[in-house]
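Please read it alongside the sequence and the model.

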Amino acid sequence: VTYLEKPAVRIPYPDEEGQEVAVRFRVSLDGSEKFRWRSGDKPRPYGLRLLEEARKAGYVVLVEGESDCHTLWCHEIPALGIPGASNWRDECATYLDGIEKVYVVIEPDQGGDTLREKLISCAPIRERLHLLELGDHKDPSALHLTDPDRFMERFRVALEKAKPWVELERAEARAMSQEAWECC
């Protein structure tokens, strides 16, 4: 499609019933202005129509963007996409009601840091939040591309090793306390 007379990729955002409620356009491959929302649309998680599957599975994986959702969906892993770290709003947590574990892939960049901070400060999900690390891989799509045949095995291991945020927070507090006592 075109967006403001430039080539673009149109990304529809359906609600839980599958009705299109927003559209995001990919207008560039690089730079700070890669995406635009259709006029009047508000950012929301991508993949809301699959929330019931996540509730049945007992978990969901939060990722940045739509393409990582598609990678996980191809492997039948319930996922929701956050359309850019700065677009997370605490009211989005209501979509996650009834889901026991909320895994999040934190990408190793400024956006990942932003998303981590926003999610750990989100009271409705922080007790259910598990930080998912993919080793040397930026995101699920990168993990898939390095070895498609072993993706599920490697991703399952990452899920099993994911640390609950509350445990990490306690460990950080203990380390800071220990460091403070050693200073004196």
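A residue counts as buried when its relative accessible area is under 20%, and as exposed when that area is over 50%. The model is predicted. By that cut-off S141 is buried, because its relative accessible area is 14%.

**Surroundings of S141**
- S141 belongs to helix 5, which covers residues 140-146.
- Leaving aside residues up to four places away in sequence, S141 is in contact with S67, D68 and T71.

- Five strands make up an open sheet with mixed pairing, in the order 7-6-8-9-10.
- Its edges are formed by strand 7 (79-82) and strand 10 (163-164), each of which pairs on one side only.
- Helix 2 (residues 66-74) packs on this sheet, where it touches strand 6 (59-64) and strand 7, and its direction makes about 145° with that of strand 6.
- Within the sheet, strand 8 (residues 101-105) is parallel to strand 9 (residues 129-132), and 4 bridges connect the two.
- Y103 has H130 of strand 9 opposite it.
- Helix 6 (residues 151-161) lies across strand 6, strand 8, strand 9 and strand 10, and runs at about 105° to strand 6.

- Strand 3 (residues 9-14) and strand 4 (residues 20-26) run antiparallel and are joined by 6 bridges.
- Opposite P12 stands V23, a residue of strand 4.
- These two strands form a hairpin with 5 residues between them, and G18 in the turn has a positive phi of about 90°.
- Strand 4 also pairs with strand 5 (residues 35-37), in the antiparallel sense and over 3 bridges.
- The bridge partner of R24 in strand 5 is W37.

**The largest pocket**
- The volume of the largest pocket is about 560 Å³.
- It is lined by 25 residues, of which R24, K34, F35, E64 and G84 are the closest to its centre.
- Strand 4, strand 5 and helix 2 each contribute at least two residues to the lining of the largest pocket.
- Helix 2 provides the largest share of that lining, with 3 residues.
- By residue class, the lining of the largest pocket comprises 12 charged, 8 polar and 5 nonpolar residues.

Key: Residues are numbered from 1 along each chain as its sequence is written. This is a predicted model: local features need pLDDT of at least 70, side-chain atom pairs count only at pLDDT 80 or more; totals for chains, interfaces and linings use all residues. Side-chain values use heavy atoms; hydrogens and water are left out. Two strands pair if DSSP finds at least two bridges between them. Contact means heavy atoms within 4.5 Å. Axes are lines fitted to C-alpha atoms, for helices over the stretch in contact, and angles run from 0 to 180 degrees between N-to-C directions. Buried means under 20% relative accessible area, exposed over 50%, partly exposed in between (1.4 Å probe, protein chains only). On a 1 Å grid over the protein atoms alone, a cavity is a set of points where a 1.4 Å probe fits but cannot get out, and a pocket is an open set with protein on both sides within 12 Å along at least five of seven lines; lining residues have an atom within 4 Å of a point. Grid points are joined across faces, edges and corners, and a volume is the space filled by probe spheres set on the points. Ala, Val, Leu, Ile, Met, Phe, Trp, Tyr, Cys and Pro count as nonpolar, Asp, Glu, Lys and Arg as charged, and the others, Gly among them, as polar.
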